[in-house]
4 protein chains.
Amino acid sequence: MNSGRTEGFSDGVFAVAITLLVLNLHAPEGDLKAGLQHMWPAYLAYVVSFLNIGIMWLNHHAMFRHVVRVDRKLQLLNLVLLMAVVVVPFPTDLVGQQLAHNLHGGDTKTVALVYGLVMIAMALGFTSVWWYVVLRPGVLDERLDKAQLRQANLRFQVGGVGYLIGTALAPWQPLAALILFGLLSLYYAFEHLPQPAVPAE
Amino acid sequence: MNSGRTEGFSDGVFAVAITLLVLNLHAPEGDLKAGLQHMWPAYLAYVVSFLNIGIMWLNHHAMFRHVVRVDRKLQLLNLVLLMAVVVVPFPTDLVGQQLAHNLHGGDTKTVALVYGLVMIAMALGFTSVWWYVVLRPGVLDERLDKAQLRQANLRFQVGGVGYLIGTALAPWQPLAALILFGLLSLYYAFEHLPQPAVPAE
Amino acid sequence: MNSGRTEGFSDGVFAVAITLLVLNLHAPEGDLKAGLQHMWPAYLAYVVSFLNIGIMWLNHHAMFRHVVRVDRKLQLLNLVLLMAVVVVPFPTDLVGQQLAHNLHGGDTKTVALVYGLVMIAMALGFTSVWWYVVLRPGVLDERLDKAQLRQANLRFQVGGVGYLIGTALAPWQPLAALILFGLLSLYYAFEHLPQPAVPAE
Amino acid sequence: MNSGRTEGFSDGVFAVAITLLVLNLHAPEGDLKAGLQHMWPAYLAYVVSFLNIGIMWLNHHAMFRHVVRVDRKLQLLNLVLLMAVVVVPFPTDLVGQQLAHNLHGGDTKTVALVYGLVMIAMALGFTSVWWYVVLRPGVLDERLDKAQLRQANLRFQVGGVGYLIGTALAPWQPLAALILFGLLSLYYAFEHLPQPAVPAE
């Protein structure tokens, strides 16, 4: 079984999940101008989650284009990864709403914790797919340098440690945790640019 | 007419339906932490329905990659199958909400029944597509072993019987029925792994 | 410009529009069992609109697979067709809701009229794409029998006349109009089966 | 890395964003007939935004079919463009709602400003992708006439100036600004028809 339709289905799920983020931008009640200014955390949460899902898609794409054979176990692991991706709009909505109410009692501790847990789930899902792809004989293009792949994954997991730290911080310093999550999305977008890790086709 | 665009359209429908499941996770009113804990049935319903749709996609994919000719009847049967798949987020929402209110009067009997009926509709839709594909000359790749295919379908229908039992149980033992539906999604995910049933390409 | 990506985009739009129909199934307030029974018009509207969009997709697919060159005008006409397809979930929601309130004052006349107008818009969109494809030199595969194509379109428009009649009936006999719309979706599904109209590839 | 899966993912995002526009058509409260007539601005906003996203897709498609190599920077720029496309349903909803309340105090100034800003963001996103594609060696098919491409982009940006003017007008003449945005969507649809700009394949 080649990877074409698995990629097509995954692309569809990524595309829908990333687009549903717009449904978190609720038209404000009452004075429109004040309401739109007041909901700035929702815009920020939109941008951070859009980058997170988008970059996860980039990595998914970069990995799967070297996959030459998809078996049922890989598809189940992929499904578990997608299960975490699809859920992202929910904590994104919570972060936007609670942060907007921060001054009068929004529960930022809980939302930072929930957001971090979903990010960890997504990272774990991706890591399990990655290791399966690398370790299972015959799944990956044989010509690839596997030592280099493992090293690329280590660099990737340096970022994953950031999500662990942020999630551990959440109950004490929720704003610091959320800022860290925002910075991590930028880190993955800009810092990892020179990480092709896989030789050209 | 080859199967490419039918698969593309079906993949799109599966991908959107599975992603809309996240819209069932409603931000709770009142105390956020208590609210998020209280809605655990919605998380469980999300996971079970995600697996159900995802594994139905896997089976759809496994079947269609051996289809070499798609006629209009097959497309109509496929459309009826998709009609059942698309509806899944609705009973999933009902299960999550009613189970959360179980202690103070949620109607779990009705939701277990509705969920079971939708699962049965999905299984019937898949089975009708399957039999059409197997029995109609020229639809399936001629090199396939049809006896093996029929046996694979029998094993598949063993699971289908589980949905019938659960649905029959629903009005008396709704929780048992819902637990059975959850176990069936795991059964299809893990137990059927070594069921390729169709020779390699 | 070949038709591949236009078909991919159109498939995506059809797939999302058909799947959004499930969002019209709102969890009922109050007693669940009575509420679910009371909303039977929403189920019926779901099935009819699902068939309408699904069969429009089948026809779109049957037409485009013979298109060998897509120009900008064809893409704009296709966009106008999709604009009508995407709007279908809205009148479907209205029909389901108003019909459920029929006994105590639902406005079925208005919803039957709106539903009919959207169906006419969809039929006009499809017809304009069809004629452009048939009449514009170089768009369609040259080997096709264009006389046969024109005749197929006439048969197709027999159905379109049904939408005109239903819409004209709507302000006087809204239920008859809605029943006619339902029958037309079945007509297109079952009666037109032997309408390949285009020679095999 | 070729452009196939990037186009597939982008097509998915465009398709979902354009289809979510229908969710802005909210079933009216109270008298249905009067309510449906009263919400005409929502229909107009639907059409204008549908054309805007649809034509942006056409341009995206026309550009990417000449892209022969996609690198990570291009994918990030594309992601930023999609971030603007996905947000369109939000200001569309605001425009429809506020314009309907115009006579009794809807805040059209704010919504015209917000709509214009999102259009500018989309135009900037597209322009940055365009320049990267044209200027980066090896990204575009070498056989293309780059001088002609640059000129096509200038014509494209004539329209972009219209969004700047409309947005600047918004706080003083919101209705004029909204009418201008509507006309611009028609301008891109009809006036730019003879703008292939890129030689045939």
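User: What makes up the side of chain B that touches chain A in this predicted model?

Analyst: Happy to start there. Contact here is a matter of C-beta atoms within 7 Å, and by that test 25 residues of chain B are in contact with 26 residues of chain A. On chain B, α1 (4-20), α2 (32-38) and α3 (40-64) each supply at least two residues. The largest share, nine residues, comes from α1(B). Sorted by class, that side has 16 nonpolar, five polar and four charged residues.

User: How do you know which chains do not touch?

Analyst: The nearest C-alpha atoms of chain A and chain C are 9 Å apart, and these two chains do not touch. Chain B and chain D do not touch either, with their nearest C-alpha atoms 9 Å apart.

User: Why are chain C and chain D said to be related as by a four-fold rotation axis?

Analyst: Superposing chain D on chain C takes a rotation of 90 degrees with 0.0 Å of shift along its axis, and the RMSD is 0.0 Å. The two copies are therefore related as by a four-fold rotation axis.

User: Why do you say that the copies meet through different surfaces?

Analyst: Just 12% of the interface residues of chain D are also interface residues in chain C, so the copies meet through different surfaces.

User: How do you know that the span of helix α4 of chain C agrees with its number of residues?

Analyst: Helix α4 (residues 72-87) of chain C has 16 residues, which at 1.5 Å a residue should span 22 Å; the end C-alpha atoms are 23 Å apart, so the two agree.

User: What makes residues of α4(C) count as buried, and what do they pack against?

Analyst: The cut-off is 20 or more other C-beta atoms within 10 Å. Among the residues of α4(C) that are buried are C:Leu74, C:Gln75, C:Asn78 and C:Val87. The buried residues of this helix pack against α1 (4-20), α3 (40-64), α5 (89-100) and α6 (108-135) of chain C, together with α1 (4-20) and α3 (40-64) of chain D.

User: What does UniProt list as "transmembrane region", and how much helix is there in residues 12-28 and 74-92 of chain A?

Analyst: The unreviewed UniProt entry lists residues 12-28, 40-62, 74-92, 112-135 and 156-189 of chain A. Residues 12-28 are 53% helix and 0% strand, with end C-alpha atoms 30 Å apart. Residues 74-92 are 95% helix and 0% strand, with end C-alpha atoms 28 Å apart.

User: Where in chain A is confidence lowest and highest among the helices?

Analyst: Helix α7 (residues 146-169) of chain A is lowest, at a mean of 79, and helix α4 (residues 72-87) of chain A is highest, at 93. Over residues 193-201 of chain A the pLDDT is below 50. For the complex, the predictor gives an ipTM of 0.88 and a pTM of 0.91.

Notes: Residues numbered from 1 in each chain as written. Chains lettered and ligands numbered in written order. Predicted model: local features only at pLDDT ≥ 70, side-chain atom pairs only at ≥ 80, totals over all residues. UniProt positions renumbered as here; feature names shortened; annotations may be inferred. Helix = DSSP H or I, 4+ residues; strand = E, 2+ residues; numbered from the N terminus. Nonpolar A, V, L, I, M, F, W, Y, C, P; charged D, E, K, R; others polar. Least-squares fit on C-alpha atoms with pLDDT ≥ 70 in both. Expected span 1.5 Å × (residues − 1). Buried ≥ 20, exposed ≤ 12 C-beta atoms within 10 Å, placed from the backbone. pLDDT = per-residue confidence, 0-100.
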